[in-house]
Amino acid sequence: MADGNITKDVMYEAVAPDDFESMLDLDRYAARSTAFDRIISATHDHFWDPLDPKYIDFSEPFDMENRALLPEDMIGALQTKYVSERLSDPKERIRFINAQTLRSFSSILHGEQGALNLSASLCHVLLDQGAQEYAANQTREEARHVTAFARYIKARWGRPAPCSPVLQALLVEIISAPEVYKKIVGMQMLVEGLAMGAFATFFQKLEDPLGRKLMQLVMTDEAFHHKFGKIWADRTVPKLSEQEHNIIEDWAAHCFQTLLFNLVAPSEQRDLYEEFGLDPDRVIAEFAEIATDEARREDMKEATNIFRVLIKTLLNAGIITDRTRAFYGMYVDMDELKGEGDRMVGDDIAEEGIAYLKTINFKDRAPVLGLAAE
């Protein structure tokens, strides 16, 4: 633990990012964990190319002027009396919903860029060849996500919105962290878990068939990325000392709290409200009246709620103990969550997507077996 990585299994052993000499150690080439081999092999099952229309065609039209991408009940600001009354014109209402949706998709795009950089950074520090190859595979997959979301945003809006200051700060913190546990817990578990919840929600709620298809394709990859974090937890958490567990548990709670109270927060969308002639301070004030802890608890009863997915991820990984259980228990029934088992929201959607991709990728030979949820 001297370097702060808190690695308990040899396959997660890491070196400094500028220590390339360690990669040339002869004994290293003779050692390789097999823990990731099925995930690596299954990469071929869920391959897809965002530049090839046989997988996804970004020229598919959608009437952005007359059709809302999401239902109104998913747009928090429209639940306030002030915004709902001010945006009474149907077309202006649709424009607001779609502009709000752009913020969500832009956050996803920036998150995918963060995941790309994070997985690339793991290639520089992980000593085990299997873990390193897995990280390289994920880097490739995150790169296609960046391409795909950038193309979708260009097709529907033309240009993404800037990354929110809070999300940007958290991504920078995770990516630049020298500690391996921060990278894995922060990105591979929390941000990837959040992504799976968000993608499942959009897959169910989006009115745009192209957007739903994009979500399912991305989920075929993300289910495997999420599993990399689960393998880390299975191999690491049971071996932690109390002090080490507290460090990881507190880091996870820090990340969760940052996301819960700040992700797509009204205070970070003042320019959007001003664009529609709304008083940002009044929107924020009225939103605060309805965004109570009780409202959050009600929202988190939905299986696809992104924060419910995050809590379930941490609980199943053994990261949440009695020290922090009450904090998360403010929003969800922890016993009910535990009783749901290891299946994650989105697993079924991802597996249906993988089955579809196999019909394209394996017309002439049998595919490699091994789905994300084993």
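What percentage of the 374 residues of the protein chain count as buried?

1. Of these 374 residues, 54% count as buried, where buried means under 20% relative accessible area, exposed over 50% and partly exposed in between (1.4 Å probe, protein chains only). The model is predicted: local features need pLDDT of at least 70, side-chain atom pairs count only at pLDDT 80 or more, and totals for chains, interfaces and linings use all residues. Residues are numbered from 1 along each chain as its sequence is written, and side-chain values use heavy atoms, with hydrogens and water left out.

2. The protein chain holds 16 helices and zero strands; these are DSSP runs (helices H or I, at least four residues; strands E, at least two), numbered from the N terminus. Its radius of gyration is 21 Å, close to the 21 Å that the globule rule gives for 374 residues, so the chain is as compact as a globular protein of that length. The radius is taken over C-alpha atoms, and the rule is 2.2 Å times the number of residues to the power 0.38.

3. Aromatic pairs number 18, counting rings of Phe, Tyr and Trp (its six-membered ring) with centres within 6.5 Å; planes under 30 degrees apart are stacked, over 60 edge-to-face and the rest tilted. Phe-47 and Tyr-55 have ring centres 5.9 Å apart and planes at 85 degrees, so this pair is edge-to-face. Tyr-55 is buried, at 4% relative accessible area, whereas Phe-47 is partly exposed at 31%.

4. One aromatic cluster is formed by Phe-105, Phe-149, Tyr-152, Trp-157, Phe-199 and Phe-202.
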